[in-house]
Amino acid sequence: MSPALAPKVFTPDYWDEACRHLMKKDRVMKRLIPQHGDVALQSRGDAFSTLARSIVGQQISVKAAQSVWERFAQLPRRMTAANVLKLKVDDMRGAGLSARKVEYLVDLALHFDSGTIQVAAWTDMDDEAIIAELTGIRGIGRWTAEMFLIFHLMRPNVLPLDDVGLINGISRNYFSGEAVSRSDAREVAVAWAPFCSVATWYIWRSLDPVPVEY
């Protein structure tokens, strides 16, 4: 991809403030953040592409998801809802998509193309309202919606309690590897507010130093 076509990358403007807050309030964050201080959460692409990519990647490995996405992304001239609706099902299946994922992607495209999803309105909506809207689309559950809030909208205070990595990371960093319940995780996260997204991101880094991008 040429530099002119490369998607712009954004880092949230609250990141430095969040890091200072977390290091002051939480002993684990005080240790973790300096270890990974040269990287930060980044957002790229548009809302439709980000959600489409999350659907493509469901229940398959990161490597397989990347391969399928690259083949699928070559089908439309540009990755837009209107262009996806023009694609032939056989071509989408040929890119490696299951019949169900094809249905999900078409439903996503219909929501965007019809105006049911108004991206501009999200600015004035709280996190739960956006989650409710997104989970009304087939193939998007709460976890996917929360990942979208963190990685695309860069909302600062999302706590994805359904995320295995977050629960495992809390177990390892706060409970010496003992099993952790959702209520345990909530208690730990009290000190993180109002920057739970940032703390979650550093918990993920403690398990895998290489940042995931959506």
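Author: R20 counts as exposed, at 57% relative accessibility; exposed means over 50% relative accessible area, buried under 20%, and partly exposed in between (1.4 Å probe, protein chains only). This is a predicted model, in which local features need pLDDT of at least 70, side-chain atom pairs count only at pLDDT 80 or more, and totals for chains, interfaces and linings use all residues. Residues are numbered from 1 along each chain as its sequence is written, and side-chain values use heavy atoms, with hydrogens and water left out.

Reader: In which helix does R20 lie, and what separates the C-alpha atoms of R20 and K30?

Author: R20 belongs to helix α1; helices (H or I, at least four residues) and strands (E, at least two) are DSSP runs, numbered from the N terminus. K30 is ten residues from R20 along the chain. The separation of their C-alpha atoms is 8.8 Å.

Reader: How many aromatic pairs does the structure hold, and what is the geometry of the pair formed by W15 and W201?

Author: Rings of Phe, Tyr and Trp (its six-membered ring) pair if their centres lie within 6.5 Å; planes under 30 degrees apart count as stacked, over 60 as edge-to-face and the rest as tilted. The structure holds nine aromatic pairs. Between W15 and W201 the centres are 5.2 Å apart and the planes make 90 degrees, so this pair is edge-to-face.

Reader: Which helices does this pair link, and are W15 and W201 buried or exposed?

Author: The pair links distant parts of the chain, 186 residues apart: W15 is in helix α1 (residues 15-25) and W201 in helix α12 (residues 196-207). The relative accessible area of W15 is 6%, and that of W201 is 1%. Because buried means under 20%, W15 is buried and W201 is buried.

Reader: Which residue has its charged end over the ring of W201?

Author: A charge sits over a ring if NZ of Lys or CZ of Arg is within 6 Å of the ring centre and within 35 degrees of the ring normal. Over the ring of W201, 4.7 Å from its centre, sits the charged end of R205.

Reader: Where is H36 found, and which residues does H36 touch?

Author: H36 is found in the loop between α2 (27-35) and α3 (47-56), and is buried, with a relative accessible area of 11%. Contact means heavy atoms within 4.5 Å. Not counting residues up to four places away in sequence, H36 touches Y202, R205, S206 and P209.

Reader: What is the phi of Q59, and what is the omega of the peptide bond from A193 to P194?

Author: Most residues other than glycine have a negative phi, and most peptide bonds are trans. Q59, in the loop between α3 and α4 (62-73), is not a glycine, yet has a positive phi of about 65 degrees. P194 is placed in the loop between α11 (182-189) and α12. The peptide bond from A193 to P194 is cis, with omega near 5 degrees.
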